[in-house]
Amino acid sequence: MSFLARTFKPAAFARTTRLAAARFYASEASGAAAGKLIVNMALPHEIVLKNKEVNQVDLSAVSGDLGILADHVPTIEQLKPGVIDIMADTGAEKYFVSGGFAIMNPNSVLNINAIEAFKLEDIDAQAVASNLEESQRLASNAKDEITKEAAAIEVELYEALQTALSAKSK
């Protein structure tokens with residue numbers, strides 16, 4: 001028995017156990033946009049998207065790649081460096097994010113909080129290649145663990161950027 005469970009009075013513990021054993025199902029979502037996903041994307045210094053109605057959002061999370069539609073089950077996902085593909089009736093927008101969180105709410109609202117986000121079309125492939133090369137050099141020549149880890153993070157980021165850019169050109 002856990003420490004917390006041992007601190008309950010017997011009657012309270014029985015009530016809690018019954019609730020924990022009950023099975024709950026998702027109710028039908030009542031999204032404001034009737035079949036549309038509402039997306040908000042915020043950075044520490046700017047709001048990129050606010051209440052944008054879209055059809056689907058594809059993103060890369062630590063747990064794997066996700067395709068999110070309206071009425072998706074509520075979830076919180078940690079984003080890894082990669083592309084967020086936002087598909088609307090007006091066309092698709094692709095952003096590269098270095099990390100952050102995606103929070104899917106039960107009312108078909110997806111909130112994306114990212115550290116950095118840039119439109120994929122605004123990224124220079126040659127600059128990515130040279131920065132990746134420099135980061136790899138720093139990682140291999142690092143004399144202490146902190147410098148080595150920082151360089152490894154940069155390498156992961158630039159490799160994800162290169163992958164995103166090469167997928168864009170296909």
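In the predicted model, Gln56 is bridged to Met87 of strand E6. This pair belongs to the antiparallel arrangement of strand E3 (residues 56-61) and E6 (residues 82-88), which are joined by three bridges. E3 also runs antiparallel to strand E4 (residues 64-69), and six bridges link these two strands. One of the paired positions is Ala61, whose bridge partner in E4 is Gly64.

Nonpolar residues were examined next. The largest nonpolar core comprises 22 residues, and Val57 and Leu110 have the most contacts inside it. Two or more residues of this core come from each of the strands E1 (37-43), E2 (46-54), E3, E6, E7, E8 (100-104) and E9 (109-114). The greatest contribution, four residues, is made by E1. Beyond its neighbours within four places in sequence, Leu110 is in contact with Leu37, Ile38, Val39, Asn40, Val57, Ile68, Ala102, Ile103 and Met104. A further core of 13 residues lies apart from the largest one and includes Ile123, Leu132, Tyr158 and Ala164. In soluble globular proteins, nonpolar side chains tend to be buried together.

Glu93 is located in strand E7 (residues 91-97). With a relative accessible area of 16%, Glu93 counts as buried because this value is under 20%. The side chain of Glu93 forms a polar contact with the side chain of Lys52, at 2.6 Å. When residues up to four places away in sequence are not counted, Glu93 touches Leu49, Lys52, Ile84, Asp85, Ile86 and Lys119.

Terms used: Residues are numbered from 1 along each chain as its sequence is written. This is a predicted model: local features need pLDDT of at least 70, side-chain atom pairs count only at pLDDT 80 or more; totals for chains, interfaces and linings use all residues. Side-chain values use heavy atoms; hydrogens and water are left out. Buried means under 20% relative accessible area, exposed over 50%, partly exposed in between (1.4 Å probe, protein chains only). A polar contact is a pair of N or O atoms within 3.5 Å; within protein, one must be able to donate a hydrogen and the other to accept it, and residues adjacent in sequence count only if both atoms are side-chain atoms. Contact means heavy atoms within 4.5 Å. Two strands pair if DSSP finds at least two bridges between them. A nonpolar core is a set of buried Ala, Val, Leu, Ile, Met, Phe, Trp, Tyr and Cys residues joined through side-chain atoms within 4.5 Å.
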